[in-house]
Structure formats: structure tokens, C-alpha cells
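Reader: I'd like to learn how to read a sheet and a ligand site in a structure. Can you walk me through it?

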Amino acid sequence: MCGIIGYVGNGKASEIIYNGLRTLEYRGYDSVGVVVDTPSGIDLRKGKGMVEEVGDSLDFTSMGGSIGIGHTRWATHGVPCKENAHPHTDCTGKIAIVHNGVIENYQELRDELAGKGHKFSSETDSEIIAHLVEEGKKSGKETFQAFLSSLKMLKGSYAAALLVEGEKKLYVARKNSPLVVGLGKGENLAASDMTAMLRHTRDFVPLGEMEAAVLEPRGVAFYSMDGNELRKEPMHVDWSTEMAEKGGFPHFMLKEIHDQKHFLYESLAADVSRAHPLISNAKKIHITACGTSYHASLMFKCLSQKFLGKDCDATIASEYPFISNPDSNTLVIAISQSGETADTMRALEYARGKGAKILSLTNVAGSSITRISDEVVLLNSGPEVSVAATKTFTSQLAVLYRLVFPGKDLSAIPALLGKSLESEIEIKRISESLREKRDIFFLGRGLSVPIAMEGALKLKEISYLHAEAYPGGELKHGPLSLIEPGVPVIALAPNDETVYKMLGNIKEVRARGGFVVSFTNSREIAKESDIAVEIPGSDPLLAPFAMIAPLQLLAYYASVSKGINPDRPRNLAKSVTVE
Ligand code: F6R
């Protein structure tokens with residue numbers, strides 16, 4: 001995970017890097033650091049804490065120089081502390097690196113380097129890169145050659161940027177971790193994602209696997225890891241800087257929940273023309289993803305089995321290689337908002353190795369997952385900054401609905417979701433009453449099951465309340481023993497074919513003293529509930545779009561009422577690039 005950014009040009013590097021790190025903070029936020037090369041030498045500042053906390057206390061913007069690199073960390077090797085924060089330097093302090101990824105053979109390399117007299121100042125795997133480059137340079141190699149040969153020794157994953165005192169060049173490379181080069185005018189950048197560079201350019205070259213680049217103010221040269229120069233075509237994105245800003249909302253998450261009613265139009269207009277034939281011709285469909293995207297996969301499984309009559313397995317990506325057996329007759333659909341999730345990538349590599357065709361749904365053009373896919377559908381949700389996925393989830397659902405119901409008029413979806421946001425004040429009140437609870441259960445049936453699972457994930461992820469979701473009928477097979485007076489149960493009960501079964505489940509809960517908050521457009525359900533939040537619309541097929549935003553708001557306000565920053569939940573990061 002971790003966010004990295006590098007800048008070379010004529011601007012004030014520290015300020016540009018600091019701004020970029022604020023945007024990248026969603027990737028990790030336990031420690032942060034910046035290094036710039038100034039006329040009087042390297043200036044490196046780093047510390048434990050979130051970007052602004054550290055940046056303001058160490059006065060990042062007072063650092064001079066027009067070339068530098070920065071890093072915001074999500075710890076893998078070594079606790080979050082100043083020493084383990086990036087950038088790391090070699091023994092001379094003149095070679096500085098930032099790294100995102102995991103170096104599997106670092107201990108072996110570290111021991112070797114220590115044997116040659118290198119002294120380490122951190123417990124990280126990353127620091128060895130600086131020392132390997134130092135060794136390479138000592139043996140007479142040019143910096144770039146030393147960088148490439150160092151990286152070739154690494155097993156594992158990296159997106160790395162290197163700066164050497166006195167050289168007005170940045171060296172970057174990637175393997176299994178994202179890195180994008182931004183092409184500016186008289187300045188060039190590289191970062192873990194495009195949003196961190198939007199203030200400077202909309203023209204990007206995502207580095208391919210095992211590719212490197214050398215950035216100077218006037219241009220960028222791209223190379224394979226063997227040092228052969230590559231021609232790369234830049235891509236232009238039309239994301240604006242405002243899209244990656246809060247726009248008057250207290251948190252990105254709240255903005256992104258509200259943005260759904262706009263972006264859904266874009267997602268419904270996504271180009272699915274090449275995906276349709278893949279689905280119709282597929283003998284077997286496997287769909288794979290993680291977390292929230294997995295819940296979208298479950299929705300596709302329900303819809304495709306019921307309405308397309310297609311057998312479809314939905315499998316959590318990290319499990320896929322162990323329990324699935326794709327072949328050349330299988331279409332594997334991957335869903336990933338970031339397009340960089342390592343677990344999903346590994347599942348796709350496995351499927352590719354077995355000859356399967358790959359269709360992916362992602363929000364990030366040029367991301368790793370797009371490159372391993374035969375066809376890609378872009379979600380068109382705009383950048384999502386909050387760690388908790390919200391608008392990308394509903395975009396995924398919208399695209400999946402397009403794939404399953406090519407002839408259906410889905411244009412009511414954005415307004416339906418917009419109308420559901422009118423319950424915001426009521427939801428805020430309900431969420432405050434959940435604050436002191438220990439366990440919360442979410443129930444649904446049919447199409448509401450993936451939505452219940454997503455509601456529970458959102459709540460636990462950002463409010464740290466324990467939440468579980470079950471199909472209503474499963475309650476009596478075990479979880480009912482956990483229902484006692486006052487236990488909150490969120491019942492998703494739209495007026496569809498499941499409504500009477502859900503009514504029965506609600507009665508079972510209330511008979512044991514459980515406190516039922518229903519999301520419903522059925523009068524009977526409302527009458528049986530302690531609190532009933534009315535959901536708009538009457539088309540049962542679209543009910544997921546009427547329920548999801550209130551559930552996202554429930555999680556958001558529960559988080560805020562507990563004094564948590566919903567955009568930065570503990571221990572998590574967006575874009576999970578480690579397995
Ligand atoms: C939850 C959340 C995660 C992601 C998961 C997959 O709010 O955001 O569960 O859904 O890490 O990420 P992507 O979709 O980028 O592959």
C-alpha cells in the first residue's frame with residue numbers, strides 16, 4: 001500500500017510533494033516523509049503520524065529545492081515510527097529512496113550488505129534499496145544502472161523512486177505495485193496514482209510491469225528493466241482537481257455518498273458493448289473480487305443466475321487460486337475500483353495461466369488489472385478518495401445491471417438513489433443510538449443479501465462496531481442465539497418476493513427483544529419494526545439502489561458520532577497492493 005510521489009521541475013518540490021501526499025494519504029497514514037535536494041545538499045524530514053500532522057510540525061513547505069520524493073506509509077515491516085518512515089538513505093545519506101511494496105528476500109540481502117559494512121537505521125525491507133544502489137555506484141555503475149541492477153535482485157513487489165544528491169533526475173520503477181508518470185510542462189512527476197498529480201497534468205503514462213523511467217524537468221525516458229528504451233503513449237484523463245477535493249463536505253466519504261446521484265449517470269453510460277458478447281458466449285462465469293467489490297460480485301451472481309440463467313461462481317479473490325478451476329471455456333470477471341488490488345491480480349494471473357478469458361470492471365484506466373484483461377469496462381465514478389468504497393460500489397452495480405439487463409430502462413437509478421438520501425437526518429439520529437452497542441446484525445433476502453453484507457462491512461470498517469450480515473432465513477440456524485433485548489437488527493425488506501419471509505424474520509427477532517430498524521417500502525414491515533426508514537421507488541429490481549446510500553450514511557454518522565475520521569479508519573488503506 002503506501003503512497004509515493006516524486007517531482008522534478010522548476011517549482012517548489014516540497015510544497016508540490018506535500019500536496020500530493022495529502023491526496024495519497026488514503027493509501028496509508030502511519031508515518032510520512034519528504035526528501036529534497038537543495039543547493040546545500042539533501043534535506044530529509046520524516047516522522048510518525050498523519051500527513052498534515054507531520055508535515056506541519058516538521059514544516060515541510062520550508063524545504064527548498066525543485067526535486068524531491070515523498071512517502072506516506074502503511075506499515076508492513078517494522079512498527080510505525082520515525083526511523084521506519086520513508087525516505088530511507090544509504091550510508092552516505094546522499095542516496096534516498098521511497099518504496100511501496102514488499103521485498104520478500106530482504107533479510108538475505110540485508111545480511112549480505114551488513115557483511116560488507118553497511119549500517120541500517122530502520123527495520124524496514126525498503127532501506128536495502130538505498131544500500132544496494134550505493135554498492136552499485138561504488139562498483140562504478142551509473143546511478144540508473146545501479147538502480148536497475150539493485151531492483152533485479154529483489155523478490156517481491158515494488159514501486160520505487162530514487163533521488164541522488166546533486167543529480168537533477170528522478171529514477172522510478174515498478175513491479176506488482178502501481179506507479180504512474182505525470183507529464184507536465186517543464187516539470188514531471190511520478191506517483192502511486194493520478195489524483196496526486198492532477199494539479200500539474202492530466203497526461204499520464206502508467207508504468208507497465210518491470211518498467212522504469214528517468215524523469216528530468218524537460219522530459220521523461222522510459223525503459224525496460226534491461227535498460228532498453230521504450231516508446232510509451234501518454235493517456236489523457238478528464239478528472240478535475242475538484243473531483244479529488246472535499247467540495248464543502250466535512251469528509252470525502254460524505255461527499256462521495258452524495259456524488260453517487262451524479263456519477264451514476266456516467267456509470268450507466270459506460271461502454272459495455274464488448275463485454276456483452278463475452279458474457280453471452282461464456283460457458284462458465286467466475287467472478288472474483290475483494291471486500292466491497294466482492295459484494296458487487298455477489299449481486300452479479302444473483303442476477304446472472306436468476307435472469308440470464310448462467311451459472312456463475314463468485315469467489316473472494318484471495319481464495320480464488322486455491323478453490324477454483326478455470327479453463328479456456330471460463331470467463332473470469334474481476335471487479336476492482338482501484339484496479340490494483342494484489343489479491344485480485346493474483347487471482348487473474350492464475351486464471352490467465354489456465355487459459356481463461358478476463359473481463360474487468362474498474363475505475364482506473366491503465367491500472368494493472370486493465371492490463372491483464374481481454375476487455376475492460378471503466379466505471380466512470382471519478383476518483384474515490386475516502387478509504388471506504390461508496391460511489392464506486394454503486395457504479396459497479398450500475399454497470400453489472402447494464403450487463404445483465406441490456407434492454408431494460410435503468411435511467412431511474414440515479415434519481416432513486418438521490419431520493420433515498422433524503423432520509424439523512426433520520427439516519428443520523430439512528431446512528432447515534434447505535435454508538436454504544438456491541439453487535440449489530442444486518443438481514444436481507446435475495447438481492448438484499450449483498451446489500452446487507454455491504455452495510456455491515458461499511459459499519460464495522462469505519463465505526464469499529466461489530467456488525468454481521470445474514471440472509472434472513474439463516475438466523476434460526478445459529479445467529480438467533482445472539483439476539484437479546486436491545487440488540488439492533490437492520491432489516492432490509494423491500495416490497496418484493498422476499499417481503500413475507502422477512503416479515504417472519506423480523507417477528508422472530510422482536511419476539512426475543514431485538515430492536516428492529518427496517519429499510520422498507522412495505523406498510524406491513526413498517527408496522528412490525530421499531531423504526532422504519534422508508535425507501536423510495538417500487539421496482540423491486542432497483543431496491544438495492546434505494547437502500548445502499550442510507551446504509552452508507554448510517555456507517556458514516558456512526559463513525560463521526562464516535563469521533564472517528566471516517567476517511568481514515570485505523571489499520572486500513574485504500575488500494576491494497578499487498579497479498
Ligand atoms: C471497503 C473497501 C474494500 C475494497 C477492497 C477491494 O470499503 O473499500 O473492501 O472494496 O479492498 O478494493 P478494490 O475494489 O480496489 O479492488
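Reader: Let's start at the bridges: which residue in β15 is the bridge partner of D203?

Author: In general, strands of a sheet pair through backbone hydrogen bonds, either parallel or antiparallel. Here, the partner of D203 in β15 is H236. Strands are DSSP runs (E, at least two residues; helices are H or I, at least four), numbered from the N terminus. β11 and β15 pair in the antiparallel sense over two bridges, and two strands count as paired if DSSP finds at least two bridges between them.

Reader: Before going on, what am I looking at, and how are residues numbered?

Author: This is a predicted model, where local features need pLDDT of at least 70 and side-chain atom pairs count only at pLDDT 80 or more, while totals for chains, interfaces and linings use all residues. Residues are numbered from 1 along each chain as its sequence is written, and side-chain values use heavy atoms, with hydrogens and water left out.

Reader: Which strand pairs with β11 through V205, and over how many bridges?

Author: That's β9 (residues 180-183), which pairs with β11 (residues 203-206) in the antiparallel sense over three bridges. V205 is the bridge partner of V181.

Reader: What is the strand order of the open sheet?

Author: Its eight strands run β3-β2-β4-β1-β10-β9-β11-β15, with antiparallel pairing. The edges are β3 (41-48) and β15 (235-236), each pairing on one side only. Elsewhere in the sheet, β1 (residues 3-8) and β4 (residues 67-73) pair over six bridges, and I4 has H71 as its bridge partner in β4.

Reader: Which strands does helix α1 touch?

Author: Look for contact, meaning heavy atoms within 4.5 Å. Helix α1 (residues 13-24) packs on the sheet and touches β1, β2 (31-38), β4 and β10 (188-191). The direction of α1 makes about 155° with that of β1; axes are lines fitted to C-alpha atoms, for helices over the stretch in contact, and angles run from 0 to 180 degrees between N-to-C directions.

Reader: Now the ligand: how many residues surround it?

Author: A residue is near a molecule if one of its heavy atoms lies within 4 Å of it. On that basis 14 residues surround the ligand, and the closest are S293, S336, S338, T341 and K458. α8 gives the most to this shell, with three residues.
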